[in-house]
Amino acid sequence: MHTLVDPFGRKIEYLRLSVTDRCDLRCFYCMPEGFNDFEEPAHWLTFDEIERVVGLMHDMGLKRVRITGGEPLVRKDVDDLARRLKHDVGVQDISLSTNATRLSKQAHALRQAGVDRLNISLDTLRPERFKDITQGRLDKVLDGILTAKAEGFTPIKINMVAMKGVNDDEIGDMLEFCVEHGFTLRMIETMPMGDTGRNASDHYLDLQTVKKQLTQRFDLIPTIDGSVDSGLIYGGGPARYLRVAGTNTHIGFITPISQHFCETCNRVRLSVDGTLYMCLGQEHNYPLRDLLRRGIPDDELKEALIAAIGLKPERHEFSEKPEQIVRFMSMTGG
Ligand code: SAM
Ligand code: SF4
């Protein structure tokens, strides 16, 4: 029976699981340059603890887990965790969000472990610009992306944070790149998460306008259900998709600011320190780590999880209260 239902009747089927708050890049909209104040390893949930929480949530209706961070591939043996969640717990769909810097070395093991789908962050195809945005090297990332393609991951979704005056002149080129490789492109609006996200909001770009501009260069066809996909093919997430005519490439628009999608929100987030967050844009949370380490029995842990879901707020308030979230995206698990 599905028991993870929030006070607004939304079934919680999807967990964003952050396995680390660390990262080998410093995307300016996400993490401050030089930032080093990370969670202590002793506070990280162990794989056993994660497996236990996910297992109980799975008993109560959880269907999908996205492994994320920070950069998930900086945590050792993430493929092992994926294997355990997929094969021991039985989670139907395991996906992973990554910046792809370490993907060329890990794509094979992740595929073998049962990771179904990858979301890869890529904001630009220009090496200098990539360095300016992330402090990292584009060639390593492209190498990782092409290795993942060769390993047979499908669909591969490229997540591009669209920013005025930063990369808004490259959106068409990025779509061409995705058409060439058979990837899906997802455009994301900047969100005011932490000071970094708020500063990036100066570059906020309304994706409704981008969509109109793209139709001048591409023949874009609405997907069959008209707008929001809810199936596993595209991820059951908040993106609204169009297809590039004559190709299998889709472009999705994730518009938390210009057109929020809270009424269909089906997810919660577990941070690396074992705090369950109910919403990216709100503070409502439920700390689980101490309960786990005090040896809470399964039935009580299930009650705690139900109580946590009971805290889920109706919607974010990014527009009304942009100052309210002090956590960077990498702390909650993007
Ligand atoms: N490191 C991995 C990556 O970059 O894909 C996974 C974690 S990252 C926090 C997840 C997603 O959050 C990325 O697609 C990133 O672009 C996005 N993100 C981070 N900060 C953001 C912000 N302030 N506004 C919008 N998206 C943001
Ligand atoms: Fe790292 Fe991802 Fe944040 Fe960039 S968006 S700093 S890659 S966690």
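Let's start with the charges: this chain has 20 salt bridges, where a salt bridge is a side-chain nitrogen of Lys or Arg within 4 Å of a carboxyl oxygen of Asp or Glu. You're looking at a predicted model, in which local features need pLDDT of at least 70, side-chain atom pairs count only at pLDDT 80 or more, and totals for chains, interfaces and linings use all residues. Side-chain values use heavy atoms, with hydrogens and water left out, residues are numbered from 1 along each chain as its sequence is written, and chains are lettered from A and ligands numbered from 1 in the order in which they are written.

**The chain overall**

- How many helices and strands does the chain have? It has 11 helices and 12 strands; these are DSSP runs numbered from the N terminus, with helices (H or I) of at least four residues and strands (E) of at least two.
- Of the chain's 334 residues, 57% count as buried. Buried means under 20% relative accessible area, exposed means over 50%, and partly exposed is in between (1.4 Å probe, protein chains only).
- Take the contacts (heavy atoms within 4.5 Å) with a separation of 6 or more: residues 24 or more positions apart account for 73% of them.
- The accessible surface of the chain is about 14000 Å², and carbon and sulfur atoms hold 50% of that. Accessible areas come from the Shrake-Rupley method with a 1.4 Å probe, and for residues only the protein chains shown count as cover.

**Helix α1**

- Helix α1 covers residues 47–59, so 13 residues, and it reaches 18 Å from its first C-alpha to its last, close to the 18 Å expected at 1.5 Å a residue. That expected span is 1.5 Å times one less than the number of residues.
- The buried residues of α1 are F47, E49, I50, E51, V53, V54, G55, L56 and M57.
- What do those buried residues of α1 pack against? Their partners include the strands β1 (14–18), β2 (64–68) and β10 (267–270). Helices α2 (78–89), α9 (289–293) and α10 (298–309) are also among the partners.
- Just after α1 comes G61, which takes a positive phi of about 120°.

**Nonpolar cores**

- A nonpolar core is a set of buried Ala, Val, Leu, Ile, Met, Phe, Trp, Tyr and Cys residues joined through side-chain atoms within 4.5 Å. The largest one here has 80 residues, and L15, L17, V65 and I158 have the most contacts inside it.
- Which element gives the largest share of this core? That's α1, with six residues.
- Apart from this core lies another one of 16 residues, among them Y29, V166, M191 and I254.

- K302 and D59 form a salt bridge, their closest N and O atoms being 3.7 Å apart. The pair links distant parts of the chain, with K302 in helix α10 and D59 in helix α1, 243 residues apart.
- K302 counts as partly exposed at 26% relative accessibility, and D59 is partly exposed too, at 47%.
- R217 and D173 meet through their side chains in a salt bridge at 3.1 Å, N to O. R217 sits in helix α8 (residues 207–217) and D173 in helix α6 (residues 171–181), 44 residues apart.
- R217 is partly exposed, with a relative accessible area of 46%, and D173 is partly exposed at 34%.
- R217 also forms a salt bridge with E176, with the closest N and O atoms 3.7 Å apart. This pair again links helix α8 to helix α6, across 41 residues, and E176 is partly exposed at 38%.
- R126, R129, D169 and E170 are linked in a network of salt bridges.

**Aromatic pairs**

- The chain has three aromatic pairs. Rings of Phe, Tyr and Trp (its six-membered ring) pair if their centres lie within 6.5 Å; planes under 30 degrees apart count as stacked, over 60 as edge-to-face and the rest as tilted.
- Why is the pair of F28 and Y29 edge-to-face? The ring planes are at 70°, so the pair gets that label, and the centres are 5.7 Å apart.
- F28 is partly exposed, with a relative accessible area of 28%, whereas Y29 is buried at 15%.
- F177 and F183 are also edge-to-face, with ring centres 6.0 Å apart and planes at 65°. Both F177 and F183 are buried.
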